[in-house]
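Subject: Handing over the structure

Dear colleague,

I am passing on the structure that follows, together with some notes on what was found in it. Please read the notes with the structure open beside them.

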Amino acid sequence: MTTSNSATRGVFYVHSAPSALCPHVEWAVGGVLGVPVNPSWTPQPAQPGSFRCEFSWSGKAGSAAAIASALRGWLHLRFEVTEEPTPSTEGARFSSTPDLGVFHAVTGIHGDIMIPEDRLKAAVVRAALGETTLENEIDKLLGKPWDDELETFRHAGDGAPVRWLHQVV
């Protein structure tokens, strides 16, 4: 994804974080967006002792990638961040879990994952060589392992409030 000065918006979800990590997440995301971040943290019923939050943001294109990079590799943190496409940039979705790391997908105007042809060709070759099945490769390209791990945490947050954060662009 190319970063430009285009304004965009997205949603940041923390699906689970230990309480000691919550202020550090706020600081890191606020540093990327250039505005203080003070979301409403609620207990995460899917993992007792952890917390969740979500908020909508607006800012420069590429902010989702910057947020994912800032939080990459943090132990005990599960999150997702999305970014809407602009006239000059693709949309994006990042998902992260402690076990799987970060998944990135380019998204189209309707939120569908757009898979580049070279990645599809590589998946077909790996399947043809017997290294894997085409179904497994497509699941990885679509982020299914991340969706499977995060689904319990997503449902535990149904009905949680969403806040908007704005960045001057």
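Which of the 24 residues in the largest nonpolar core touch the most other members? They are Phe12, Val14, Val25, Val29, Leu71, Leu77 and Val81. The elements that each give two or more residues to this core are strand E1 (7-18), helix H1 (22-33), strand E3 (50-60), helix H2 (63-71), strand E4 (78-83) and strand E5 (91-97), and the largest share, 5 residues, comes from H1. Please keep in mind throughout that this is a predicted model.

For the overall layout, the secondary structure comes to 5 helices and 8 strands, which follow the pattern β-α-β-β-α-β-β-β-β-α-α-α-β when read along the sequence. The protein has 169 residues, of which 42% are buried. Among the contacts with a separation of 6 or more, 65% are between residues 24 or more positions apart.

Leaving aside residues up to four places away in sequence, Phe12 touches Val25, Val29, Cys53, Glu54, Phe55, Trp57, Ile67, Leu71, Phe79, Glu80 and Val81. One of these, Trp57, lies in strand E3 and counts as buried because its relative accessibility is 0%, where the cut-off for buried is under 20%. The C-alpha atom of Trp57 is separated by 8.5 Å from that of Thr8, although these two residues are 49 residues apart along the chain.

The aromatic rings come next, and a search of the whole structure finds 3 aromatic pairs. In one of them, the rings of Phe12 and Phe79 have their centres 6.1 Å apart and their planes at 45°, so the pair is tilted. Since Phe12 lies in strand E1 and Phe79 in strand E4, this pair ties together parts that are 67 residues apart in sequence. Both Phe12 and Phe79 are buried, and ring pairs link these two residues and Phe55 into a cluster.

Another of the pairs is formed by Phe103 and Trp146, whose ring centres are 5.2 Å apart and whose planes are at 35°, so that this pair is tilted as well. Phe103 lies in strand E6 (residues 101-107) and Trp146 in helix H5 (residues 144-156), so the pair ties together parts that are 43 residues apart in sequence. Phe103 is buried, and so is Trp146.

How do two of the helices pack? Two packed helices are described by the angle between their axes and the distance between the axes. Helix H3 (residues 117-128) and helix H4 (residues 134-141) pack at an angle of about 150°, with their axes 8 Å apart. Angles over 145 degrees count as roughly antiparallel, and H3 and H4 are therefore roughly antiparallel to each other. H3 passes H4 in a right-handed crossing, and the contact is made by Arg119, Leu120, Ala123, Val124, Arg126 and Ala127 of H3 together with Leu134, Glu137 and Leu141 of H4.

One last residue deserves a look when you go through the backbone. Most residues other than glycine have a negative phi. His76, however, has a positive phi of about 70° although it is not a glycine. His76 lies in the loop between H2 and E4, and it is exposed, with a relative accessible area of 54%.

With best regards

Key:
Residues are numbered from 1 along each chain as its sequence is written. This is a predicted model: local features need pLDDT of at least 70, side-chain atom pairs count only at pLDDT 80 or more; totals for chains, interfaces and linings use all residues. Side-chain values use heavy atoms; hydrogens and water are left out. A nonpolar core is a set of buried Ala, Val, Leu, Ile, Met, Phe, Trp, Tyr and Cys residues joined through side-chain atoms within 4.5 Å. Buried means under 20% relative accessible area, exposed over 50%, partly exposed in between (1.4 Å probe, protein chains only). Helices (H or I, at least four residues) and strands (E, at least two) are DSSP runs, numbered from the N terminus. Contact means heavy atoms within 4.5 Å. Rings of Phe, Tyr and Trp (its six-membered ring) pair if their centres lie within 6.5 Å; planes under 30 degrees apart count as stacked, over 60 as edge-to-face and the rest as tilted. Axes are lines fitted to C-alpha atoms, for helices over the stretch in contact, and angles run from 0 to 180 degrees between N-to-C directions. Angles under 35 degrees count as roughly parallel, over 145 as roughly antiparallel, 65 to 115 as roughly perpendicular and the rest as oblique. A crossing is left-handed if the near helix is turned anticlockwise from the far one by less than a right angle, and right-handed if clockwise.
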